[in-house]
Amino acid sequence: MSTRPEKYLLLDTPSLYFRAYFGVPESLRAPDGTPVNAVRGLLDFIDRLVGDHRPDHLVACMDADWRPAWRVELIPSYKAHRVAEEHEGGPDEEEVPDTLSPQVPVIESVLDAIGIARVGVAGYEADDVIGTFTARAKGPVDIVTGDRDLYQLVDDARGVRVLYPVKGVGTLRITDEAVLREKYGVDGRGYADLALLRGDPSDGLPGVPGIGEKTAARLLAEFGDLAGIMAAVDDPASRLTPSQRKRLDAARPYLAVAPKVVRVATDVPLPDVDTALPRTPRDPAAVEELGARWGLGGSLRRLLATLEA
């Protein structure tokens, strides 16, 4: 008798609480006046995701280090424009809205009290945690993120999709390989090469000057991957235009290190954690106390009811 493979739902939690913060009015406040719009928005989002997709496993993946030193060493501009304060010997401080920063510890406490697995690993971003869980998963995986970088993990053969919020924290675009090919001309495996060739100002990735998204997609369609493109640069008989050959040749130092920066890690040393979807709160007293203290009201009650159903 065959059994259904267990489904994994992996949350890019920082991406989602940023979206919740900007998508839910700041007028939602705790009894002491502290804004809790990101907290309640994230709980509402998780409630909807669990209700709609019924995963067997749920992991809230976190940024233990949003700008890892090993990535910055390779490309110093990586996320440099988002640094609020540099810390020698430790993670730099990210520029975060003043009324969002105090909500992050509340989010962490509530998730822990409910029993939703929350995983961050020193030296790695949430993307890397997601990449490693995805690589280890024995069943289909839905990744929920507002970050296009994770499109590189999409894999129809393994049932790996990205659920991308297109409006606030409500409407999701289910992204599989057909969507990627239609929009970008590549599959999941090719997306990282497309991204590093095109560049990404939001992450401080320069890309190859003069090689935009459409040109990058055409080059990948013709030559297969970044290695194939660089082999074409070295082949005088290849069908690269003189300007493309010149630009790619000049970008060799960047292209030598960009793949390690852009591709998510799949070998993060994950802690031993129970990722099973909780049916009842791990710490009911803490849930009750946090709900009252922060005025989480219906958002928390709805999620608990959905988990129990």
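**Figure 1. Tyr191 and its edge-to-face partner in the predicted model.** Tyr191 is buried in this predicted model, with a relative accessibility of 1%. Tyr151 also counts as buried, at 1% relative accessibility. The rings of Tyr151 and Tyr191 form an edge-to-face aromatic pair, with 5.4 Å from centre to centre and 80 degrees between the planes. This pair joins distant parts of the chain, 40 residues apart: Tyr151 belongs to the loop between strand E6 (141-144) and strand E7 (160-167), whereas Tyr191 lies in helix H7 (residues 188-198).

**Figure 2. The tyrosine cluster.** One aromatic cluster is formed by Tyr151, Tyr164, Tyr184 and Tyr191. Within it, Tyr151 and Tyr191 make the edge-to-face pair.

**Figure 3. The stacked pair of Tyr17 and Phe18.** The chain holds seven aromatic pairs. One of them, Tyr17 with Phe18, is stacked, with a centre-to-centre distance of 5.9 Å and an angle of 20 degrees between the planes. Tyr17 has a relative accessible area of 10% and is therefore buried, the limit being under 20%.

**Figure 4. The chain that surrounds these sites.** The fold comprises 13 helices and eight strands. The radius of gyration is 21 Å, close to the 19 Å given by the globule rule for 309 residues, so the chain is as compact as a globular protein of that length. Its C-alpha trace spans about 70 × 55 × 35 Å along the principal axes. Of the 309 residues, 51% count as buried. Among contacts with a separation of 6 or more, 67% involve residues 24 or more positions apart.

Conventions: Residues numbered from 1 in each chain as written. Predicted model: local features only at pLDDT ≥ 70, side-chain atom pairs only at ≥ 80, totals over all residues. Heavy atoms only, no water. Helix = DSSP H or I, 4+ residues; strand = E, 2+ residues; numbered from the N terminus. Rg over C-alpha atoms; globule rule 2.2 N^0.38 Å. Buried < 20%, exposed > 50% of the residue type's maximum accessible area, 1.4 Å probe, protein only. Contact = heavy atoms within 4.5 Å. Phe/Tyr/Trp six-rings, centres within 6.5 Å; stacked < 30°, edge-to-face > 60°.
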